[in-house]
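Hi,

Here is the structure I promised to pass on.

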Amino acid sequence: MVIVLLGPPGAGKGTQCKRVAEKYKLVHLSSGDILRGHRTNGTELGKKAAEYMDSGKLVPDQLIIEMMAGAIESAKGNCVLDGFPRTVVHGQELDKALAAKGRKIDAIVNLVIDDSVIEKRMTGRRSCPACGAVYHIDTLKPKVEGFCDKCSSKLVQRTDDKPEVVKQRLEIYHQQTAAVVGYYAGKNHKILDVDAEKSVDEVTALVVAKLDGFKAV
Ligand code: AP5
Ligand code: MG
């Protein structure tokens, strides 16, 4: 099964994808997390991606498509995609790759949220560099301030969560990523819109209700 979670930066894709992956026994594939892993490990891809990520720009299509095709293959096509596809070209390439294996996307969830809510979420986010867990200084606090509940590592603020980079990421979302919703609607995919301004648990309940109510799942 392939589920795609769309939505702007800071909408809660990572938070919700972790829960969807657990519930439906899928592999959570976050293009952003995979890229950050490459940077931590100092790979060639990580080095090439760094300047784009730190300035809030998209990493070039060719690098991303190859990276995600490999990840989907490793997950044997049972995955929830987070942060990919992010351009119409990504969508076209993903469709081609799945079609070559007689597959298609099973469900598309779109997290709907206003830009004004996003800034607060991103500037308050704290992430675990070791296990990838995500917290928020107001809405999702760790048990011990500054440390991960799961692995006790020191939490960090992402380098692209500075206000000026957040602004750039939102602009790129509106210029290039929002069109992915229209691309799939034009291909007769039902887009499962979810109000992502509600609390984390409420959003999870809405996502699960939409997925359970959707026949393909
Ligand atoms: P990526 O890591 O994908 O970042 P993003 O899409 O900008 O999204 P975020 O991870 O910032 O937010 P999220 O929606 O996952 O929200 P989260 O759950 O953390 O990409 C980073 C960069 O990598 C890109 O800018 C680009 O350079 C590159 N890249 C990645 N993929 C690429 C691709 N396909 N092509 C090209 N380049 C690519 O939640 C945010 C915060 O809000 C958290 O603190 C959380 O606790 C809190 N929160 C979540 N939900 C709620 C809620 N309901 N109520 C209150 N708080 C909440
Ligand atoms: Mg994320």
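Let's start with Ile105: leaving out residues up to four places away in sequence, Ile105 touches Val2, Val4, Leu94, Asp95, Leu98, Tyr184 and His189 (contact means heavy atoms within 4.5 Å). Before you go further: this is a predicted model, where local features need pLDDT of at least 70, side-chain atom pairs count only at pLDDT 80 or more, and totals for chains, interfaces and linings use all residues. Residues are numbered from 1 along each chain as written, chains are lettered from A and ligands numbered from 1 in the order written, and side-chain values use heavy atoms, without hydrogens and water.

Ile105 is also among the residues with the most contacts inside the largest nonpolar core, which has 28 residues. A core here is a set of buried Ala, Val, Leu, Ile, Met, Phe, Trp, Tyr and Cys residues joined through side-chain atoms within 4.5 Å, buried being under 20% relative accessible area with a 1.4 Å probe, protein chains only. α4 gives this core the most, six residues. Another core, of 25 residues, lies apart from it and includes Tyr24 and Phe214.

Now the ligand. Ligand 1 is surrounded by 36 residues (a heavy atom within 4 Å), and α2 has the largest share of that shell with four. An oxygen atom of ligand 1 sits 2.6 Å from a side-chain N or O atom of Arg169 (polar contacts are N or O pairs within 3.5 Å). Taken alone, ligand 1 exposes 1,000 Å², and the protein buries 96% of that (Shrake-Rupley, 1.4 Å probe).

Cheers

How values were computed: Polar contact = N/O pair within 3.5 Å; in protein donor to acceptor, adjacent residues only side chain to side chain. Helix = DSSP H or I, 4+ residues; strand = E, 2+ residues; numbered from the N terminus. Buried < 20%, exposed > 50% of the residue type's maximum accessible area, 1.4 Å probe, protein only.
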